[in-house]
Amino acid sequence: MTRIPGLRARSPVAGLHRRALRPLGVFAQSVATTAPAGAMASTPLLVIAVAGRGAPWSFAVAAVLVGLVAACIAVFARRMAAAGGLYSFTAKGLGAGGAYACAVAMVVGYGLLVAAAFSGVSWYGGALLARVFPGVPAVGAGVALVVVLAVTVAVCAVRGVRLAGRVMLVIEAASIGLILVVLVALAVTTAPSGMVAEGGVAGVSGVSGVSGVSGVSGVSGVSGVGAVGAVGIGGVAVGVLPALAAFIGFDSAATLGVEARRPYASVPRAIGATAAVTAVLYLVATLVLLAAPGAAASGVTSPPSGDLSWASVLMDAGIVASFGACALAALNTLVRVLFSLAREGLAPAALGRTHRRHLTPAIAVAVTVPVLAAVVVVGTLAGIAPGAVFGGLLSVGTLAFLAAYLLVCVAAPRFLARIGELTRGVVITSVLASVALAATAVVVVLHAGTGLVVTLAALLVVGTGGWLLLRRLRGPALRAMGVYDETTTADVLAVRAR
Amino acid sequence: MTSSSISGRQPQAVRSALAILEEVAAAGVGITAKEISTALRIPPATTYRLLNLLVAEEYLVRLPDLGGFALGRRSANLAPSSVAAPTAARQVMRRLRDRVRWGAHLVAFDRHRLTFLDPDPDHPPTDADELSRHPHASGLGRLLLAEHGLPDGPLTRLTPDTVVDRDELARRLDEVRETGLARQCGEFHATLGCLAVAVRAPDDRRLVAGLALTGPAERVAAPNTELVDLLHAHAGDLAPLLA
């Protein structure tokens with residue numbers, strides 16, 4: 001065979017189960033990470049609280065923004081397959097600095113998303129168990145659930161992404177179906193005739209009945225922004241923040257590039273389809289809630305409300321299942337990012353080792369799961385309200401995701417310019433998405449509470465410290481950042497080198 | 001989605017895609033998207049979209065710099081080359097045929113296709129395309145499947161003995177991986193069977209060819225320890241000549 005300069009005989013990310021996952025599994029990974037069932041049940045209320053009848057517009061704006069980000073991610077996903085996802089992409093456009101920042105944002109974002117999913121299960125699941133079996137303490141049940149879930153999720157993640165994908169697909173389909181049925185049933189039973197047509201105003205008044213949900217408003221870090229029922233451009237704009245938070249994680253299929261069959265087709269398709277499907281689900285949920293104020297009052301306020309109606313039990317079961325799938329999906333992504341960083345020489349080499357039989361980053365799973373589960377268990381046992389744990393984790397996590405998305409959007413046109421494939425469309429997409437994301441991040445930080453600001457400052461300090469340390473210890477590895485599943489000699493039908 | 005915008009009703013897109021394939025084949029490894037666009041006078045945006053499509057379908061690959069292109073392995077399916085075994089390999093095959101009474105065949109593997117390098121002239125083998133279509137029923141095909149995994153489609157029952165149960169077949173493939181021997185008795189032709197072993201590249205153990213003996217089904221079913229050892233020895237001799 002002809003030796004072609006620059007072509008390796010072995011992929012730098014060898015060890016994963018290469019080119020084995022079907023498109024449906026790739027799609028399941030992205031959908032499960034966004035946890036649409038959980039988000040459908042909580043986010044529309046938050047958006048309605050600030051945007052009133054403009055809530056669907058908030059979701060529409062957020063969906064368009066997510067679509068632009070998805071287009072920027074697709075620029076990379078059509079051209080390279082990486083286990084590190086967005087940070088490996090960013091490396092090809094912004095170099096080591098951008099890639100490092102994006103890697104930190106992804107580790108923080110996905111780590112906190114796993115923890116938030118654990119705490120969501122503990123919160124909703126504990127409350128559900130306590131209601132169905134009176135006498136069971138909610139906190140104890142919640143902690144036990146976290147431990148059981150952590151073990152299950154770790155086993156599924158090690159057993160391989162094919163099994164994990166199947167599990168996530170079934171759970172997600174069931175929980176979305178459950179919540180749609182409950183929402184529609186409540187809408188039909190509680191909406192008085194004539195209300196649907198002009199339901200907006202009534203919907204806003206219904207929101208006052210769900211103030212119990214304010215515990216979740218940490219989700220976007222916008223608690224207190226905007227008055228309830230504020231209708232108009234301002235309200236719609238403020239509503240975009242929590243709406244955007246409902247989409248985070250839609251990019252996670254990008255980390256399956258190495259394992260997906262035909263990744264250049266299936267990964268960008270999975271990311272785009274996830275953005276589209278979740279957008280439709282959120283819009284439907286919002287419209288139903290606006291049309292049927294009763295639905296909001298009776299069904300969705302589950303943890304705070306004490307009643308045991310069939311709808312609220314089913315809803316909670318769906319939400320818990322959705323968070324469980326989200327924990328597994330986000331963990332899949334997190335360990336692949338760590339695996340990729342370890343293969344670059346920027347994280348302990350042990351994290352880059354894969355399970356001999358299942359071909360998954362098993363060491364990374366064994367290291368991360370206990371730590372993340374401990375965060376939630378300790379937080380809950382220390383007496384912090386489960387809603388506060390959940391909200392706190394997600395608000396920091398969401399900002400990390402926004403940062404990662406911003407970096408990849410800025411990187412897209414620079415990457416294309418470097419390989420000589422820049423088009424005007426990508427420049428426009430990238431500029432629009434970057435400006436909107438940067439503006440969103442600025443607004444979130446400006447309205448952040450002290451706790452969030454302190455956390456962000458601490459993360460910045462730790463991140464910068466890590467950068468300085470790595471530059472001293474692993475300079476060459478840092479400069480060469482961005483390993484991905486390169487074309488190897490075995491992939492090329494070699495005719496002759498130029 | 002950009003990929004669905006190309007349908008059979010857009011002959012120009014299909015024509016351009018084929019022209020791009022031809023251009024990459026002619027220019028050799030490392031041609032860039034811009035160069036292709038200029039050479040073929042296809043608008044850049046269209047070129048990039050078609051290139052991404054051809055890469056997604058694995059007819060083309062991007063080189064590690066991400067800017068250059070080369071033909072992917074899948075392109076080989078478009079023009080099956082007539083491969084011939086080196087003289088030294090044919091001598092090994094002649095030695096083998098002198099020592100056994102059954103048909104001895106040498107095939108080359110390229111992804112999911114097999115081509116006869118040196119079929120036994122005295123025992124003409126089954127058509128190579130027929131073998132490629134039903135890899136689950138032949139010894140040589142099972143060597144391929146043991147390497148790449150089971151195909152997605154349904155498994156055809158060629159004789160009453162053909163294994164068409166996926167779990168059963170997966171167990172047989174595990175055996176192939178363990179013993180290095182693929183055995184098939186009356187599953188392709190009711191009266192014939194075969195013993196097949198892999199020829200692997202000495203350096204990276206890549207599967208390059210398969211060596212098979214075909215004979216009466218009931219005799220193939222016997223342990224045939226000596227024959228199997230003979231096959232393995234000759235496969236070892238062939239490896240440095242073929243890889």
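Which residue of E8(B) does His105(B) stand opposite? The legends below begin with that pair.

**View 1. Strand E4 of chain B and its two partner strands, in a predicted model.** His105(B) stands opposite Ala212(B) in E8(B). Strand E4 covers residues 103-110 of chain B, and strand E8 covers residues 207-216 of chain B. These two strands pair in the antiparallel sense, over six bridges. E4(B) is also joined to strand E5 (residues 113-118) of chain B by five bridges, and this pair too runs antiparallel. Within E5(B), Asp118(B) is the bridge partner of Leu106(B). Strands are DSSP runs of at least two residues, helices (H or I) are runs of at least four, and both are numbered from the N terminus; two strands pair if DSSP finds at least two bridges between them. Seven of the eight residues of E4(B) are buried, so the strand is largely enclosed by the rest of the structure.

**View 2. Ser430(A) in helix H14 of chain A.** Helix H14 spans residues 424-446. Ser430(A) counts as buried because its relative accessibility is 4%; buried means under 20% relative accessible area, exposed over 50%, and partly exposed in between (1.4 Å probe, protein chains only). Apart from neighbours within four places in sequence, Ser430(A) is in contact (heavy atoms within 4.5 Å) with Cys72(A), Cys409(A), Val410(A) and Pro413(A).

**View 3. The interface between chain A and chain B.** In this interface, 34 residues of chain A are in contact with 37 residues of chain B. The buried area is about 2,900 Å², with carbon and sulfur atoms giving 53%; this is the accessible area (1.4 Å probe) that two parts lose on being put together, summed over both.

**View 4. The salt bridge of Glu421(A) with Arg62(B).** The side chains of these two residues meet at 3.1 Å, N to O. A salt bridge is a side-chain nitrogen of Lys or Arg within 4 Å of a carboxyl oxygen of Asp or Glu. Between chain A and chain B the count is three salt bridges. On the side of chain A that touches chain B, helix H9 (263-291) and helix H13 (386-419) each supply at least two residues. The largest share, four residues, comes from H9(A).

**Notes.** Residues are numbered from 1 along each chain as its sequence is written, and chains are lettered from A and ligands numbered from 1 in the order in which they are written. In this predicted model, local features need pLDDT of at least 70, side-chain atom pairs count only at pLDDT 80 or more, and totals for chains, interfaces and linings use all residues, while side-chain values use heavy atoms, with hydrogens and water left out.
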